[in-house]
Amino acid sequence: MLKCRTVWKKLAPLARASSTVCRQNVRRTGNVTLTCVPVAHMSTGPAGGGRENQLYVLLVGAACVGGAIYTYRTVKGDNQRYQDRIDEISSRPYKRATEEPATPIQSEPPAAESPAEPTEPQPEVVAESGKTVVHLSWVLMIIQDHALTVSLFCFLPFSFFSLSLSRARCRSLMQTPGGPAPASLKVPSHTPYLLIGGGTASFAAARSIRARDPGAKVLIVTDEPDPPYMRPPLSKELWFSNDPSVTETLRFKQWNGKERSIYFQPPSFYINAEELDGAENGGVAVLTGKKVVHMDVRGNKIKLDDDTEISYDKCLIATGGVPRNLQVIERAGEEVMKKTTLFRKIEDFKSLDKVSRNIKSITIIGGGFLGSELACALGRRSTEYDLEVVQMFPEKGNMGKVLPEYLSNWTTEKVKSEGVKVISEALVKSVVCKDDKLEIKLKDGRLVKTDHIVAAVGLEPNVDLAKSAGLEVDSDFGGFRVNAELQARSNIWVAGDAACFYDIRLGRRRVEHHDHAVVSGRLAGENMTGANKPYWHQSMFWSDLGPDVGYEAIGIVDSSLPTVGVFAKATAKDTPKAATEKSGTGIRSESETEDTAISPVASLTPAPNVGQHKDEYGKGVIFYLRDKVVVGIILWNVFNRMPIARKIIKDGEEHADLNEVAKLFNIHDD
C-alpha cells in the first residue's frame, strides 16, 4: 500500500493533466459513470513535448497494469466481506443517479400480476445485467475504501467499463422508462353468480340477485366494450336528439322531455372485477370485452377467449342474439359488406349516424319493428342533410307480419309522410357494388341504386355455448329450451332473447323484446337465489314511429290470425309523447309490468258505429284470435292499459262481442 502511495505522488501531475480526456470519456460513456469521477481532481495541465508524451504513455500503461492487479487482488481478498452488500444491491432495480425521480429499471415488461402484490425481481434482468450491477457495486465500494483505485481509474478512459459494459448496454440500462408497464386485469377465478351476456336480462338478474341476497358477488361477462345498457333508444329517441354530441354522451330526451342515459347505471355502481373476491359487502362487477367460448357444466366453469377459466356456483346465460343478414349480401363480397350495417349495438348506432351525415342515399331492407323505426328516424333527416331514404320489404305494407292489412297500409302512408320512399313487395335478387354505388336488383326486375344498406331482417338467437354445454336448442323457435322456472340445468338459467320458454297459456315461445328481457332476467335472478317461481308473465313490447304514433302489444300478434279491430278518434293526449309525460318514464314497460288488473271498469260511453270513422285509425284495440279465444292484443295509440290486456289473455275466455271488451280500455273517452 505504501509503495502504491509513493508511486501516486509521482504520477499525480500527469493524472491531473489527463483529467480533461477522462472527463470527456466519462460524458461519452453515459451518466452512470458520473458518480465515479473525482471532480475535485479535474484541471488542465501544461502541454508536453515528444519525450514527455512517451513517458506519459509508459507511465499510463504501468498505472493501468498496476491498477488492474491491485483491483483484482483487492476484490478477491474482500469478496467475502462484500458478499452481503453485493446481494442486496443485485436484488433491487438499479436507480439512475440524477435529480429526476427514480423509477424501476426493467429490460422488459413484468408478467401480469395483481397491482397489490409486490413486484419480484425479473430473473432475465439479473441474468443479463447482473454482471454490470456487480461491477458497479465493486466500484462504489472501492471508491469508499480505496482512493488509489479511483485515481488509477481516471487514467483509464473507463476501459474497465468498456470491457464489461458496452456503451449501448449502458444507455439501455440507464434509460428511464416512460412509465410502469400496465398490469393485466386480474380476473376472479371463482364467482358465486356468473352472468354471461351484458344486456338487459343480465342487468335485471343482477339487480334481482342483489335485492334478495344483499351480500352477493355477481360477475357479468360481456363481449361488448360497454356496461349494460338499454337497446330501444338506439332505434328510437337517440335519433331525434338535437345534441350534436349524442353519439358520445349517449344521452337523450324522452318523449316526455326528461333526459337520461341509455346506460342502466353509472360506472360508480359497479366494482372492479379484481376487487370482487375481497368485497366485504359483495357487489356487481362487469368484465367487458371478453367472450365465453366454452362451458363445462360438469365442472361448473367457463373458458374465455383468452383461455382464462372462471368457476361458478350458479350461472345465467343471457347471450341475446345476433342480427341476421341476407344471403345475397353475404355472397356479394367484402366491398358490399363494408357498405352494409347490421344494426344491434352502440357501435352500430354511432357508425350509422356518421354514415347518414356523409352520403346521399340509404336503403333499409326490412319492414318490421326495427326497419320501420329506423326508416322514420332517418326520414326526419332527409331534408336537413339532403338524404334520400328508401325502405323496401317483401310484404305489402309496413309491419305486414304483425298488423292486419288495412292497418299495415295506413302505417305505410304514415312512414311515407316522414320523407321515406317505400318499396313494397320487394324481393332482393342480387347486390353489387359499381362505381362506388350499391345496385340492388329485385326479382321483378326493379333496380335501386344507393350508397349504403341497413339490413333489418330479424335476429338469430346466440346459442354458441349449446354444444360445449350440452344444452338443448329448440328446433322450431331457436334458443335454449328451458322449463317454467327458466332452468336449462340444475344450476344454469337462461333469460332474454336466447330463452325458449313454455307459456302456460300460449305454449312454447321465444320473445325478442325489452320487457321480456326485464321480466325474465328478474325472475331468473330470483330463482338463482332459491325462489323457485314459474314464469307466468305475459311480456309486452312496443314500437314508436316517432313521437306521434306508437303501439303496445302483448301475446301472439300474427297477421295470419283472424283479427277484430275497434277504433276511435284520437286526441292530443293519444300519442307516445303524451303517454310518457303522464307516466314519467320513457321505457314504458318499466312502469307497467308491476301493475295488475283485477277488475277493470268499462267505459260507459257508447261505441260509435264502425263506418263513422272509416280509414281513421287514430287509436284503438286490435284483438288476435285463435279458436275464438283472444291470444294477442295491440293497443294502437292507447297507453298504460297493458295490465287489462294481460288479464284478458290470462283468462282465456271466448267473447261474443269484442266491442264490449274494447270498452275496458276506455278508448271512447275524451
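User: How many bridges join strand E11 to strand E17, and in which direction do the two strands run?

Analyst: Two strands count as paired if DSSP finds at least two bridges between them, while strands (E, at least two residues) and helices (H or I, at least four residues) are DSSP runs numbered from the N terminus. In this predicted model, strand E11 (residues 361-365) and strand E17 (residues 452-455) run parallel and are joined by 4 bridges; the partner of Ile 364 is Val 454 in E17. This is a predicted model, in which local features need pLDDT of at least 70 and side-chain atom pairs count only at pLDDT 80 or more, whereas totals for chains, interfaces and linings use all residues. Residues are numbered from 1 along each chain as its sequence is written, and side-chain values use heavy atoms, with hydrogens and water left out.

User: Which order do the strands of the open sheet have, and which are the edge strands?

Analyst: The open sheet has 5 strands in the order E10-E17-E11-E12-E13, with parallel pairing. The edge strands, each pairing on one side only, are E10 (340-342) and E13 (420-423). From one strand to the next the twist averages 20 degrees, where axes are lines fitted to C-alpha atoms, for helices over the stretch in contact, and angles run from 0 to 180 degrees between N-to-C directions.

User: Which strands does helix H15 lie across, and which does helix H16 touch?

Analyst: Contact means heavy atoms within 4.5 Å. Helix H15 (residues 369-379) lies across E11, E12 (388-392), E13 and E17, and runs at about 165 degrees to E12. Helix H16 (residues 405-417) packs on the sheet and touches E12 and E13, its direction making about 145 degrees with that of E13.

User: Is Met 399 buried or exposed, and what is its phi?

Analyst: A residue is buried under 20% relative accessible area, exposed over 50%, and partly exposed in between, using a 1.4 Å probe and protein chains only. Met 399, found in the loop between E12 and H16, is buried, with a relative accessible area of 2%. Its phi is near 55 degrees, a positive value in a residue other than glycine.

User: Where is Asp 627 found, and is Asp 627 buried or exposed?

Analyst: Asp 627 is found in the loop between strand E27 (619-626) and strand E28 (629-636), and at 67% relative accessibility Asp 627 counts as exposed. Phi of Asp 627 is near 55 degrees, a positive value in a residue other than glycine.
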